[in-house]
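Reader: I am new to this structure. Please walk me through a few of its features.

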Amino acid sequence: MTAFIATRHAASLQAADDQARRRDQGRAFQRETLLALQEALSDLLRLEARCHLEDRHAFRSTGIWGKNAVGESLSEENRLARRWAMILKERVEDDDLRVAIDGFCGQLTQVSLADSEAEAVTLFELNMRQATPMMEHIGRTLRAQYDH
């Protein structure tokens with residue numbers, strides 16, 4: 001009987017240890033994901049700024065807004081940055097943060113779809129102002145991984 005109790009207790013301790021290890025691995029995965037997401041969004045913001053500036057230069061040269069495609073290299077960099085940000089977003093455990101990132105990335109797209117330079121500038125400036133709260137939201141979520 002004593003051996004049975006000892007074996008059951010050892011199994012219970014092992015199960016608790018396994019559960020704690022899985023929880024720690026999940027938190028480590030979330031931390032890595034959130035750190036990579038901050039970098040990815042920073043890259044995406046930088047590329048969106050480059051696209052916006054290229055659009056404005058084209059407008060100054062042609063007098064036509066929104067009809068000039070950005071360079072192929074910049075377009076591909078932007079596409080890959082957006083893709084990576086979306087992949088990372090799907091790995092985030094926090095539902096509210098995923099929704100916020102979706103909204104933020106959607107807003108970034110609106111700049112290139114604007115009907116006029118004035119509208120694009122307004123949207124671009126709005127996005128730049130909202131970048132800080134987005135990074136702060138990610139930071140809060142990241143720090144919460146250390147509180148447990």
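This is a predicted model: local features need pLDDT of at least 70, side-chain atom pairs count only at pLDDT 80 or more; totals for chains, interfaces and linings use all residues.

Reader: How many aromatic pairs does the structure hold? Is the pair stacked or edge-to-face?

Author: The structure holds one aromatic pair. The ring centres of F59 and W65 lie 5.6 Å apart. Planes over 60 degrees apart count as edge-to-face. The planes here are at 75 degrees, so the pair is edge-to-face.

Reader: Does W65 count as buried or exposed?

Author: Buried means under 20% relative accessible area. F59 has 23% relative accessibility, so F59 counts as partly exposed. W65 has 11%, so W65 counts as buried.

Reader: What distance separates the end C-alpha atoms of helix α2?

Author: Helix α2 runs over residues 72-91, which is 20 residues. At 1.5 Å a residue, α2 should span 28 Å. The model agrees with that span: the end C-alpha atoms are apart by 29 Å.

Reader: Which residues of α2 are exposed, and where are they?

Author: Start with the buried ones: L74, N78, A81, A85, L88 and K89. They cover an arc of only 105 degrees around the axis, so they sit on the same side of α2. In an α-helix, residues three or four places apart point the same way, because there are 3.6 residues a turn. On the other side of α2, the exposed residues are E72, S73 and E90.

Reader: Which residues is Q30 in contact with, leaving aside its neighbours within four places in sequence?

Author: Q30 lies in helix α1, residues 2-62. Its relative accessibility is 7%, so Q30 counts as buried. Leaving aside neighbours within four places in sequence, the contacts of Q30 are R91, V92, E93 and Q145.

Note on methods: Residues are numbered from 1 along each chain as its sequence is written. Side-chain values use heavy atoms; hydrogens and water are left out. Rings of Phe, Tyr and Trp (its six-membered ring) pair if their centres lie within 6.5 Å; planes under 30 degrees apart count as stacked, over 60 as edge-to-face and the rest as tilted. Buried means under 20% relative accessible area, exposed over 50%, partly exposed in between (1.4 Å probe, protein chains only). Helices (H or I, at least four residues) and strands (E, at least two) are DSSP runs, numbered from the N terminus. The expected span of a helix is 1.5 Å times one less than its number of residues. The arc is that of the directions from the helix axis to the C-beta atoms. Contact means heavy atoms within 4.5 Å.
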